[in-house]
Protein chains: 2
Amino acid sequence: MPLDPTEHPDWEIALEAESRMKTCYQLGEELGLTKEELLPYGHYIAKVDYLKVMERLRDAPDGKFIEVTGITPTPLGEGKSTTTIGLLQGLGRRKKRVTACIRQPSGGPTMNIKGSAAGGGLSQVIPLAEFSLGLTGDINAVMNAHNLAMVALTARLQHERNYDDERLAKVGLRRLNIDPTRVEMGWVIDFCAQALRNIIIGIGGRMDGYMMQSRFQIASSSEVMAILAVARSLEDLRQRIGQIIVAYDKKDRPITCEDLEVAGAMTAWLRSAINPNLIQTIEGQPCFVHAGPFANIAIGQSSVIGDQICLKLADYHITESGFGADIGFEKFWNVKCRYLGKVPHVSVITATIRGLKHHGVTAGAPPCPPGRPIPKEYFEENLAWLEAGAANLLHHINIVKKSGVHPVVAINVFPTDTPAEIRLLRRIAEQSGARVAVSNHWRYGGEGALELADAVLDACEQPVSFRYLYEDDTPLSERIEKIAREVYGADGVEYSREAEAKLKEFENNPKYRDFATMMVKTHLSLTHDPTIKGAPKGWTLPIKDILVYGGARFLCPMAGEISLMPGTGSDPAFRRIDVDVKTGRVTGLF
Amino acid sequence: MPLDPTEHPDWEIALEAESRMKTCYQLGEELGLTKEELLPYGHYIAKVDYLKVMERLRDAPDGKFIEVTGITPTPLGEGKSTTTIGLLQGLGRRKKRVTACIRQPSGGPTMNIKGSAAGGGLSQVIPLAEFSLGLTGDINAVMNAHNLAMVALTARLQHERNYDDERLAKVGLRRLNIDPTRVEMGWVIDFCAQALRNIIIGIGGRMDGYMMQSRFQIASSSEVMAILAVARSLEDLRQRIGQIIVAYDKKDRPITCEDLEVAGAMTAWLRSAINPNLIQTIEGQPCFVHAGPFANIAIGQSSVIGDQICLKLADYHITESGFGADIGFEKFWNVKCRYLGKVPHVSVITATIRGLKHHGVTAGAPPCPPGRPIPKEYFEENLAWLEAGAANLLHHINIVKKSGVHPVVAINVFPTDTPAEIRLLRRIAEQSGARVAVSNHWRYGGEGALELADAVLDACEQPVSFRYLYEDDTPLSERIEKIAREVYGADGVEYSREAEAKLKEFENNPKYRDFATMMVKTHLSLTHDPTIKGAPKGWTLPIKDILVYGGARFLCPMAGEISLMPGTGSDPAFRRIDVDVKTGRVTGLF
């Protein structure tokens, strides 16, 4: 019997459930995978050899495709991962052949304030310590591949400064003339290390590198991670890695990883990371994990390869997108589904009463800034705040409706929610025409998610008339306009002079024709301003700059500043994590 | 049939042999390991659960203990790993129950000039790509654990600057008053990144860290790696991690990882790294891999836990120490054997004709500086250089003899060595009283190592009167004096004023009584000066400083500067490494 989540922390529930885990071979057998297709990592985790599986199942039919998104979240999140896992368990209880694919948590949040992303209560994935602390090493592989590019760049800058053309030619090098003021890439580390945000490197003598400004970003925000998420094959991955723009030369030409002769070696570090990871929920359903979080700068989706495999293996496959429907679902809809060439059936919009109250600013709800605990008032009944804040949910429902995908609202209930609040929210959501389910998967696991599972199953039976927000040949400016108006609810878009110039360049250069449009915007508001809550009207989206990711093939219009390196707070999670030295078990994770 | 090493590069030989690999379960079965004790990582690699194995085999008898060391090497090494693997294969051909434990290669050298440390020719470990590119993630775990301590430190510096005592107390923190000019620890990355050797971090505003000098060192030189190598149990590891000194406070008191409340979380990142890794040679013998290289600053040995397990599993166990007998063997002898509480039987001294010629400076041999190819003249017969340079080998033989362990000289032959050279070297070595074997394991694998295997088996039958160079209660100054005179061949020791002061402090403070003495000296000379070759007489060892590693419990007398961050050269290995995108195979490793 699982422990009671109202009495035990997540890690205790996980440890107890781990005593009843299936081996990875059992999990694989249930999915119809052969032993050769499973690459075990310990007894309970496996990588799945995507080359072998896709070869075998190339012509198998695809399962129904279910996405999980959410409302505009509080800084602590609204339980989207927990709902994904709960729904997976609920569909498991209904005896469906079901998989999910979630993202690997980053060591940064896990060691800091937000904690791991393993779900919570009785909707968790296990083994928890392995899941939370590096899993099979994919983020480390991304980190090593990324940093190797920076090693190649900085060593090359040093060698080109120290040696003449003749000496360079002796080892087959031609001068690249890299502009040290135009290095686009930084280094990565998988922690929240604000002290490494802005650094000066290369201090010393002629053998100590090249002195210049530099920076570290969190590993999951790396372009290499974005490439891992969108690559359709190893060949595609190798090519994209080669096209990453590390810097520009003095004549404004891009210097890529291929130019630095490091793309092959980077791919070698990623050779295993391309295989998705298979773990399980505490109720024994198979759950895949692949690629990283960070939907506000990278794509923030589980991988294309992960979904490809799961759709072949299961009748129902659930995938998770980062943050609210304005961010994660928009990218899922217009980018990931394009890459996949698949039509989704259902999008589950995770909503919490607490989270919607915090959007009730017009009714006087207090702010809930990042790095602070949720205000106490949110745990007391307040129908006025909830009713006002529900506008945010309705906005997200409308986003999903525009794609033709069926929205299902999952009210992710907390023990402090009152019956009156739950009734009110259900009524408001139902009036929008969406299916609505009250889901108590945190408290009761799959049993608590049966209403949600049934709503999803019902929606899956309906025909879908899926349409993209924009066409393949829609110019960039029109794409941005459409996303701003139809997804975010803005009245229009305003460009800085710099962004305007880049917009013209990108629209006129055929090289960028197949680049994906990857908006960069805060996840804490439908607008570009994280302090504006609810579903604001009458505002204009400012685009300050447009970044190019040559390898991922993304053009990223920047609606505001996004830090690529979060900071570690004064009360981080690492203070409470330890190891039981008698058993090797990790304690204190959440 | 394996490929011919005179016609194929190492990675082609490895790939061919990988088509005939044993699964990790077969390997484990041959060693008498249960399925539960094996934690597979893919089909061919496993971690061995040390808690379970040591519990089961606590009272099993130990096998014979064989160490592999070498002469003072050229910058490219003399094939010590190749000889270790060759001997393992040779003993395998003699049907002995044999294991080896080698060190995990660092990504730095593997991507740079030296290449991987998988052996070479027909004496290699496989799978090569996995072995060379992170294996099961132990170095990444060390890197993450180490960097997490720096995250804790730098965030704490920021918070203590920004907040008053009251605000700190709210989250249960007391002011540590860390002195930002006395931060002892740097960050780590597992590449040769000279640009990160000296950096300034924390540039920006009050939420961007604390501005100060900092540095990156290569991950394998981390104190955390040293701790992984010497820890006798998870409990011991946890305790040592807590005692790492990260900085000093303004009153000169050490700030440890325990003070930063990060030691438990660091140990959590290391929870799997403590289990040794099991791979195989191209002839199918079991080979363990555990802990990292870098014998000139850290201990540079495979782990104590690895040897503990192997000695229980095999009748003959081979372990490798870094660099020549002055460095690696000295630490094996006086530090590792103390921790293990085991008596070694044989030390194999790896010698190459090429390497000994480069010690023949008194006969006019040209220099062979780091970062350059071996001079062409070394591949032509030159008996005079060899005879002069053989003094270096005789010196290393004498070091081993002082321990009471039986020296066996392995002449690791190269295709360019001439019969006259081999005859001469054998005669000189035999005259010293050592057993000598000409070993052609690079060319012929285990068959080529039978003479070496037989010499080792013979030596193992002889009684050993093992003695440490110094006693447990020998004061630090006497230990240094003994090592300088009896191991390095110096006339004495000369201390800087700083070292002298520290020496007194450490000798008088009972806290340091059980700290190991871990000399720091170049591996490229018996002296402190890397340009001095042969077996020099009439010199004095200068000790400039003595470092304290509070977690590893090392006192490190510094005989010269050792860079903890090597530089990437102008023709690094990563240029030639790639992935076959159809099969996922890595090409170009060496």
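## How two chains meet, and how one folds up

In this predicted model, 80 residues of chain B are in contact with 80 residues of chain A, contact meaning heavy atoms within 4.5 Å. This being a predicted model, local features need pLDDT of at least 70 and side-chain atom pairs count only at pLDDT 80 or more, while totals for chains, interfaces and linings use all residues; side-chain values use heavy atoms, with hydrogens and water left out. Residues are numbered from 1 along each chain as its sequence is written, and chains are lettered from A, with ligands numbered from 1, in the order in which they are written.

### Chain B against chain A

How much area is buried between chain B and chain A? About 6600 Å², with carbon and sulfur atoms giving 63% of it. Buried area here is the accessible area (1.4 Å probe) that two parts lose on being put together, summed over both. On the chain B side, the residues that lose the most area to chain A are B:Trp269, B:Arg271 and B:Arg575, together 10% of what that side buries.

The rule finds 10 salt bridges across the interface of chain B and chain A, a salt bridge being a side-chain nitrogen of Lys or Arg within 4 Å of a carboxyl oxygen of Asp or Glu. One of the salt bridges in the model links B:Glu130 to A:Arg271. The interface of chain B and chain A also has 39 residue pairs in polar contact, both residues at pLDDT 80 or more. (A polar contact is a pair of N or O atoms within 3.5 Å; within protein, one must be able to donate a hydrogen and the other to accept it, and residues adjacent in sequence count only if both atoms are side-chain atoms.)

Helix H7 (residues 138-162) of chain B gives the most to the side that touches chain A, with 11 residues. Helices are DSSP runs (H or I, at least four residues), numbered from the N terminus. By class, that side of chain B has 41 nonpolar, 24 polar and 15 charged residues; Ala, Val, Leu, Ile, Met, Phe, Trp, Tyr, Cys and Pro count as nonpolar, Asp, Glu, Lys and Arg as charged, and the others, Gly among them, as polar.

### Symmetry

Chain B superposes on chain A by a rotation of 180° with 0.0 Å of shift along the axis (RMSD 0.0 Å), fitted by least squares on the C-alpha atoms of residues with pLDDT of at least 70 in both. That is the relation of a two-fold axis. In chain B, the C-alpha of B:Tyr41 is nearest the axis, 2.2 Å from it. The copies meet through the same surface, because 100% of the interface residues of chain B are also interface residues in chain A.

### Inside chain A

The domain assignment (automatic or from a database) gives chain A domain 1 (10-136 + 273-460), domain 2 (138-266) and domain 3 (476-559). The centres of domain 1 and domain 3 of chain A, taken over C-alpha atoms, are 26 Å apart. Their contact takes 26 residues from domain 1 and 24 residues from domain 3, and the area buried between these two domains of chain A is about 2100 Å². The count between them is one salt bridge.

| Pair | Closest N to O distance |
|---|---|
| B:Glu130 and A:Arg271 | 3.5 Å |
| A:Asp326 and A:Lys521 | 2.8 Å |

A:Arg240 and A:Asp236 are separated by about one helical turn, because they are four residues apart in helix H10 (residues 234-243) of chain A.

Terms used: Helices (H or I, at least four residues) and strands (E, at least two) are DSSP runs, numbered from the N terminus.
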